Amino acid sequence: MGATILIGSQWGDEGKGKIIDVLTNQADWVVRYQGGNNAGHTVEIGAEQYILHLIPSGILHPGKRCVIGHGMVVDPIALCEEMSELEERGIDMDGRLLISDRAHLVMPYHRLLDAGHEKLLADGEKIGTTQRGIGPTYADKISRTGLRYCDLLADDIADLMRTQIERSNARLAAIGSDPLDVETTLASLMEAVEHLKPFIGDAIVPLNDALERDEKILFEGAQGTMLDIDFGSYPFVTSSSCSAGGAATGTGVPPHRIAGVLGVLKAYTTRVGEGPMPTELKDEMGEMLRSEGGEYGATTGRPRRCGWFDAVIARYSARISGIDRWALTKLDVLDKLDKIKICVAYELDGRRIDTVPARSKDLERCVPVYEEVEGWQTSISDVSRHDDLPAAAKDYIARIEELTGVETGILSLGPRRDSTIVLDDCLFG
Ligand code: IMP
C-alpha cells in the first residue's frame, strides 16, 4: 500500500495546490489523473507564487517524479508554455516529468468548439466553462476519434493532425465558428510535439513498479466532487471523474493499492461558472468572503461565487470518495466574523433532505437549513498548534467533523507553507 488520493470536496478551488505542496515531502511521485488546464493549482513558496495548470505541483520539489496520467486531456501548446515558464524559474524537469502515452490531446479546435458551443446555449443553459477545450476533447475520447500522446511518436503524426484539423473545420462551420488555418495550426502543434516527445511514455508500468518498490504515490485531484461528470451538479460540471474513483481509471493503479483519501475542504463554499449553489450569498457577506479569501479564479481570473459552508455537500463527497481525513483550508478567512452559519441540511418542497439531489433543477430549489455558531474574531494565521486555536474555531472544526463523520488531518490557516497544522499523519497507510 503506498498511494494516497487528494481530492477537492466541493466545487474546486479548495486550496489543493498548497496541501499537495505540503504533502509532497512524504511522496516519491505526484500524479495528476483527470482534467486538464482548466485547473489552476496555486502554490506559494516564500515570496514566489506558482500557478500550475497541467504539471503536477510536485514538480516544485527537486527529486520528486511527476506524472501526467492518461485520464487527463492535455493541450500540448499550453503544456510547452507551462514547462518553459518553470524552466525559466530554474525548475528542472528532465527525467522527472512523464506524460502518459495514453493521455488525449486538446487540439486548438477543441478550444474553439468549447467557446462556440457555449455561445449557442441560452442563458440559464450556459455552463460557464474555462474555454480550454476540455469538454470537446473528452467527447472525442469517448467517441473514439481523439488523438493521444502515443500518436505523437508515430512517423505520420503530421498527416494525422492535418486530417483532424481539416475535419474539425467542418465541425466549426456547423456551429458558426471561423475555421482554422490548417498549415499555421499544424506548424505550431508540430513545434510543441518536438519539444514534448522526450517526455512521453508508458506510465502504467513505472507507477505499478514504484508501488512494488514501496515508493509513495500522491494523486493530485483537480476540480472537485460537485464538478464530477457523474456525481456533480450535471450538466454544470466538468467532463472528467474528479472523485477518488478517477485515480484508478485515470492512471492504471488498481483500487486496492489506495491506502487513503484526503478530501480538501474549504471552511466556506465557492463556485466559479454557472449552476446551482444552495448556500451562495449574493450580499455583503458574500463580497466579504470574496475579498478576504482572494476568491478569483486561478485560471480565468473570474470572481468566484461565495457562500456559507455546506455540510450536505461535504458529507456527500466523503461518502462517494471514502474520505478518511479532511484537509480544512482557509479557516482564517472567517477570522473577522462574529457569527458563522453552517448549512446542515436542505429543504426541498417542504421536505428536509440530507443528500444532494440528482437534478440540478432540484438542487437549485433546495433551501439551506442553517445553524449559527459563534465566530472567534481574532487572527489565527500564526497559530501553529491546534490547542492554541480560539475555542470558537475549535468548535467550528468539531462541528464540521460531526456533521460529516470525518476527522480533520490537516488545517490550513493561510497561503504560506508554514501556515499549516498537521494533526494526524494519515497518509499512505
Ligand atoms: P470546463 O472544465 O472548462 O469544461 O468547465 C466546466 C465547469 O467547471 C465550469 O463551471 C468551470 O468554471 C468549472 N471548473 C473547471 N475547472 C475548474 C477548477 O479548476 N476550479 C473551479 N472550477 C472549475
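Q: What counts as a helix or a strand here?
A: Both are DSSP runs, numbered from the N terminus: helices are H or I with at least four residues, and strands are E with at least two.

Q: Where is aspartate 13 found, then?
A: Aspartate 13 sits in the loop between strand 1 (3-8) and helix 1 (16-23). Its phi is near 60 degrees, a positive value in a residue other than glycine.

Q: What kind of model is this?
A: It is a predicted model, in which local features need pLDDT of at least 70 and side-chain atom pairs count only at pLDDT 80 or more, while totals for chains, interfaces and linings use all residues. Residues are numbered from 1 along each chain as its sequence is written, and side-chain values use heavy atoms, with hydrogens and water left out.

Q: How is the chain divided?
A: There is domain 1 (3-96 + 202-422) and domain 2 (104-199), with bounds from an automatic or database domain assignment. Their C-alpha centres lie 28 Å apart.

Q: How many residues are in contact between domain 1 and domain 2?
A: 29 residues of domain 1 are in contact with 24 residues of domain 2, where contact means heavy atoms within 4.5 Å.

Q: And what area is buried between domain 1 and domain 2?
A: About 2200 Å², with carbon and sulfur atoms giving 62% of it. Buried area is the accessible area (1.4 Å probe) that two parts lose on being put together, summed over both.

Q: Which three residues supply more than any other three of what domain 1 buries against domain 2?
A: Val73, Pro76 and Ile77, which supply 25% of the area that domain 1 buries there.

Q: How many salt bridges cross the interface of domain 1 and domain 2?
A: One, by the rule that a side-chain nitrogen of Lys or Arg is within 4 Å of a carboxyl oxygen of Asp or Glu. Separately, arginine 111 and aspartate 75 meet through their side chains in a salt bridge, 2.5 Å from N to O.

Q: Which element gives the largest share of the side of domain 1 that touches domain 2?
A: Helix 2, with five residues.

Q: How many salt bridges does the rule count?
A: The count comes to 27. In another salt bridge, arginine 162 pairs with aspartate 159, and the closest N and O atoms are 3.3 Å apart.

Q: Why are arginine 162 and aspartate 159 separated by about one helical turn?
A: Because they are three residues apart in helix 5 (residues 157-174).

Q: Switching to the ligand: how many residues surround it?
A: 15, and the closest are Asp13, Asn38, Thr130, Thr238 and Arg302. A residue is near a molecule if one of its heavy atoms lies within 4 Å of it.

Q: How far is an oxygen atom of the ligand from a polar backbone atom of valine 272?
A: 3.2 Å. For glycine 128, a polar backbone atom is 3.4 Å from an oxygen atom of the ligand.

Q: Last one: is the peptide bond from tyrosine 234 to proline 235 cis or trans?
A: That bond is cis, with omega near 5 degrees. Proline 235 lies in the loop between strand 10 (217-220) and helix 8 (245-249).

Terms used
A polar contact is a pair of N or O atoms within 3.5 Å; within protein, one must be able to donate a hydrogen and the other to accept it, and residues adjacent in sequence count only if both atoms are side-chain atoms.
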